[in-house]
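Have the viewer ready and pick out the residues as they come up.

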Amino acid sequence: MPPIALSQCISRWPKPCYHPLSGGSFSRYKKEAFWFMSVAFDEMNGPGGALRSAYHELSLWLKETPPDALEYRRQEAELLFRRIGITFAVYGEAESTERLIPFDVIPRILSGKEWTTLEKGLKQRVKALNMFLSDIYHGRDILRAKIVPDDLIFQNPVFRPEMNGQDVPHDVYVHIAGIDIVRVDADNFYVLEDNARTPSGVSYMLENREIMMRLFPDLFARHRVAPVENYPDELLAALRSVAPLTSKTEPTIALLTPGIYNSAYYEHSFLADKLGVELVEGRDLIVKSDEVFMRTTEGLKRVDVIYRRVDDDFLDPLTFRPDSVLGVPGLMSAYMAGNITLANAVGTGIADDKAVYSYMPDIVKFYLGEEPILKNVPTYRCRESDDLKYVLDNLKDLVVKEVHGSGGYGMLIGPAATTEQIESFRAKLKKEPEGFIAQPTLALSTCPTCTEKGLAPRHVDLRPFVLTGKDHVTVVPGGLTRVALKEGSLVVNSSQGGGTKDTWILE
């Protein structure tokens, strides 16, 4: 039997919980903003109600399947998820009850051609993100070129000065990226957010597929669906490829979790199991002579790569927050000595910043000399006076977000807000404009979804997962489709009443 982390020998296993993360200038975007508020694009029945080819077989199957049979399978899926134990807790609620994230049994379907465009755009974007992060912690060419303002980087609370001049193994900063994509018509996908720190939700992508294959073999038989189950193998290969140069043997990989009370703990344990690596907490690791070791039942064992699901602030109490009990004292010393790879790298939070996001088209052009394949959603930077004036004058029509917010929190959806909420946000914007960006209210595309009243269109987004190793970038065909289950809602986050769907890419 292989050695296991000591903390995993302790029998204290309450029911695990899981919570996926939810995430241009004034003159360029003022006119385009109104275009975004058009009628939502129906991914199954396109403009004029004409059935789109990717949904042809699904449409026939739905006509052949009695509504009560569909409802029975939906209940079966819910029962399976409860047995597996995939629930999540919402931070800050008075009653810390666990919830099951609703799963919709009608898959979202994309054609191979649509996916090819998405895949190219995702690879391009993540490549530019890695180059951007390397630059801002080293030569800072993009700052000298005045593409991105200096203060947006240096005064940013997620910028890590400890990383200045620090090389990371193989110059890869974002090993796992979750890029949130929205669709507005047949031809255009837009990036809504970049998640480059600890993107979550991949366990649901994998579990959704497994449930669908178990419950709907007849529907699968009518399609050629690209597989997603090789994601753990692709992730493991990427992590092994970025082991530090000081590794002398087959690299040892561990997944660092904050512990069983973290809302995403289910995903941490799920991925560790799928990868065949140790799930560790900070107390399982020790640093000696600038090398990281894992305490096991057979003694200390060196660790070469840590897939960490702990935020920067809590990684090392000797470098960051001294009150952290989640991290490993001395971990940053080993990191700076080049003896450990952290995935994702320390300091990648800059790429998550929603104000930095607004510069991504320019970032892609600066580093790659290419036009972005995937466009940004038009974004107003409240830190800029013209944009702020426009936002304050049009709050009822816009979505306003905190630049460091996530999970659907800390945001204003103007068309759905009360006068009191709008005025409260107006005061926040005037007090701290640099803390917010604003975007037009998007008419997110819709997909057929099971509701209490039968099939109905509901708004969706998509989070594909992009893996970057030493010499290659991989995008598993599919991703996590999140769906706003409430009629008329545009908020897909699970903490705000959203659910998930399986995402089918047709080969």
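Ile 363 touches Ala 128, Phe 132, Ile 142, Val 148 and Val 356, once residues up to four places away in sequence are set aside; a contact here means heavy atoms within 4.5 Å. Keep in mind that you're looking at a predicted model, where local features need pLDDT of at least 70, side-chain atom pairs count only at pLDDT 80 or more, and totals for chains, interfaces and linings use all residues. Residues are numbered from 1 along each chain as its sequence is written, and side-chain values use heavy atoms, with hydrogens and water left out.

Now zoom out from Ile 363. Along with Phe 132 and Ile 350, Ile 363 touches the most other members of the largest nonpolar core, a set of 74 residues. A nonpolar core is a set of buried Ala, Val, Leu, Ile, Met, Phe, Trp, Tyr and Cys residues joined through side-chain atoms within 4.5 Å. Buried means under 20% relative accessible area, exposed means over 50%, and partly exposed is in between, using a 1.4 Å probe and protein chains only. Which helix gives the most to this core? That's helix H4 (residues 112-136), with 9 residues. Helices (H or I, at least four residues) and strands (E, at least two) are DSSP runs, numbered from the N terminus. There's also a second, separate core of 58 residues, with Leu 58, Phe 103, Leu 239 and Ile 253 among them. In soluble globular proteins, nonpolar side chains tend to be buried together.

On to the aromatics. Rings of Phe, Tyr and Trp (its six-membered ring) pair if their centres lie within 6.5 Å; planes under 30 degrees apart count as stacked, over 60 as edge-to-face and the rest as tilted. By that rule there are 12 aromatic pairs. Take Tyr 231 and Phe 465: their ring centres are 6.3 Å apart and their planes sit at 65°, so this pair is edge-to-face. Tyr 231 is in helix H9 (residues 231-241) and Phe 465 is in strand E20 (residues 465-468), so the pair ties together parts that are 234 residues apart in sequence. Tyr 231 counts as buried, at 1% relative accessibility, and Phe 465 is buried too, with a relative accessible area of 2%. Elsewhere, ring pairs link Tyr 137, Phe 154, Phe 159 and Tyr 173 into a cluster.

A ring can also have a charge over it: NZ of Lys or CZ of Arg has to be within 6 Å of the ring centre and within 35 degrees of the ring normal. Look at Tyr 359, where the charged end of Arg 381 sits over the ring, 3.7 Å from its centre.

What about charges meeting charges? A salt bridge is a side-chain nitrogen of Lys or Arg within 4 Å of a carboxyl oxygen of Asp or Glu, and the whole structure has 37 salt bridges. In one of them, the side chains of Arg 73 and Asp 218 meet at 3.4 Å, N to O. Arg 73 is in helix H3 (residues 67-84) and Asp 218 in helix H8 (residues 217-220), so this bridge ties together parts that are 145 residues apart in sequence. Asp 218 counts as partly exposed, at 34% relative accessibility.

Next, find Asp 312 and Arg 160, whose side chains form a salt bridge at 3.3 Å, N to O. Asp 312 lies in the loop between strand E11 (305-308) and helix H11 (331-336), and Arg 160 in the loop between helix H6 (150-154) and strand E4 (176-183), so the pair ties together parts that are 152 residues apart in sequence. Buried or exposed? Asp 312 is buried, and so is Arg 160. Lys 396 bridges to Asp 397, with the closest N and O atoms 3.2 Å apart; Lys 396 is exposed, with a relative accessible area of 52%.

Salt bridges that share partners also join Glu 43, Arg 52, Arg 108, Glu 114 and Arg 183 into one network. Arg 108 is in strand E3 (residues 103-110) and is buried, with a relative accessible area of 2%.

Finally, the cysteines: a disulfide is a pair of cysteine sulfur atoms within 2.5 Å, and the structure holds 0 disulfides. Cys 382 counts as buried, at 1% relative accessibility, and Cys 447 counts as buried at 1% as well.
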